[in-house]
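Subject: Structure handover

Hello,

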Amino acid sequence: IFRAAHMIIHDSSLTCHWHHSRRGLTVTKYQPQAHPCAIHPCWHATLHSLTIMTTKSILLIPPFIKYNAGPLLGPSLLQSAARSCGYSCDVIDLNAMYIQPRAAKRIVTGKFVGDHDKPKGPRSLASVENEFTNTHLISALEQTQSFNKYSEPISIKELTRRVKYGFLTHDQIANASIILAEQQFGCYVKDILTRRVSEPPDVIGVSLLHSGQVIPAAAITNVIRKIWPQALVVWGGPHISGLGKETIAKDLHARHFAADVFVTGHAEETFVWILDEAKSLKQATSDLPVVLKGKSKVVSPTFDDLTVYDVPLTFPAQSTIGCAYGRCSYCTYPNIEGKPQKLDLLTSVGSVVDQAERLPGSTLSMKDSLVTPMRLIELADCIQNKVRWSACTKLSRRLDTSRLTQLTESGLATLEVGLESLLPESQRMINKIQPLSTYEEFLNTVADLPHELSVVVNYMIGFPWEDPEAAQSKLNEAETLLQGILGKNRGLIELNRFELERLAPMAKFPEAFGIDPSRIRAWPWASVLEMEKSIER
């Protein structure tokens, strides 16, 4: 049954780590201790109380995410954390499986490494997303009775906006998810799960990246509770973290239709604890769900079933948690992730480089919110030109010719920079001062490098204090400068429209940024606050 085993005597107790096959068993007894052993702190057993641990788990990614270039990092880390502690855990990417037969294929990786070279046209990811939203989500919402209270019918455009941002009530989401689970989408999910999962899982995690996934995720929960009623359903991911523990805790009873457990933040260690306590948690949450603040653990991600993604693959990795700058007034990273901390590069990045190197043409995309110039050099030393890679940083004069040359020689192909705005007032209000001269100097330095480097510039418009014409003018200036120096093939503006995130400093002190608090509305499943000017009837 067991491929290999090793035992370590520690503090008069026996700690067991059984390397197992996917269908294997693990012999252990979990007992929380104040000072766990240095090897595997989640396993403690005495010689007199060995028991069979058979907890099985799966991690699901619901539609729809406009991304199919490779596996997602968060679920891969949770899977690795669970397996490293002897648990059976597999990721099933329902989003990628939905996209695969419908969207155009990405045959080659373009100039831009990461998720910036999506296929365009009638079978683009955007068109598939629109089809999914209209066919499944809007249709389910229209069938619910909760919208009948409005005297005038709500337009498709308005329903689409509400789905996108999560501007819906508990009842609207719950009712729509019931309908969705009973229709074509529910049958699709049930068919995949029953075919791919041979034994009933004890824990099922659902990872949400944004509010548009809430209705499909709730429908998946409905399907799960019908076919595997004994399973503990856990929701986590960036969107749940963006809601915040306090928001979720305010109305836990109303959220029970979605999950038994909600987890915020990085949660590798917390997920293992949930697996340890799965049966007791299922009993404890029979009437009321719980919300937990996640605790992280550095592990090497594992990637399975790569056939559901486009080739060549883009592998994700992360070398730091949190943001080294951490002062942008619109951003939630400091609130969600806390103080920045560096991760061990061999564990967090080196292992991913090795996996990517084995698949010709694969690339690496660093998911750090901001990689400092010094950390970029450390990454270069780790990656050593084994794969082409990308990273995100902030404009800095430290990104000079010498450093950028060293980075490109290590395989850096795309550098994403957070410019955000060239309007002086906006730079001051968001607390991110970056002069036009620094931007222009950086672009000229990139243009003169001996090795080609593509640049993605993150830009944001729609701040509440901005004059729209002035904002558009500065955006045009930023784009003209970028493409005039690097050309359209190497310079790209990634345009975002301002959204008031509920955990950002701007939401905590709206009046300081010219926002009237009385014109802000919070929705239970939206990480973004609705501002009155955007409401349509």
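Predicted model: local features only at pLDDT ≥ 70, side-chain atom pairs only at ≥ 80, totals over all residues.

Overall make-up first. The protein chain has 537 residues, and 55% of them are buried. Its secondary structure comes to 19 helices and 21 strands. Among contacts with a separation of 6 or more, 77% join residues 24 or more positions apart.

Next, helix H3. H3 runs over residues 125-143, which makes 19 residues. At 1.5 Å a residue the helix should span 27 Å, and its end C-alpha atoms lie 26 Å apart, so the two values agree. H3 does have a kink of about 35°, centred on Thr-133. Thr-133 is also one of the buried residues of H3. Others on that list include Phe-132, His-136, Leu-137 and Glu-129. What covers the buried residues? The cover includes helix H2 (94-99), H4 (156-165), H5 (170-182), H6 (184-196) and H7 (214-227).

Then the second largest pocket. It holds about 600 Å³ of space. Its lining counts 24 residues. Nearest the centre are Lys-245, Thr-264, Lys-293, Asn-335 and Ile-336. By class, the lining has 11 polar, 7 charged and 6 nonpolar residues. Three helices each supply at least two lining residues: H8 (238-243), H9 (245-250) and H12 (333-337). Which gives the most to the lining? That is H9, with 4 residues.

Best regards

Conventions:
Residues numbered from 1 in each chain as written. Heavy atoms only, no water. 1 Å grid on protein atoms, 1.4 Å probe; cavity = no way out; pocket = protein on both sides within 12 Å on 5 of 7 lines; lining within 4 Å. Points joined across faces, edges and corners; volume = space filled by probe spheres on them. Nonpolar A, V, L, I, M, F, W, Y, C, P; charged D, E, K, R; others polar. Expected span 1.5 Å × (residues − 1). Bend = angle between axes of the 7 residues up to and from the residue. Buried < 20%, exposed > 50% of the residue type's maximum accessible area, 1.4 Å probe, protein only. Contact = heavy atoms within 4.5 Å.
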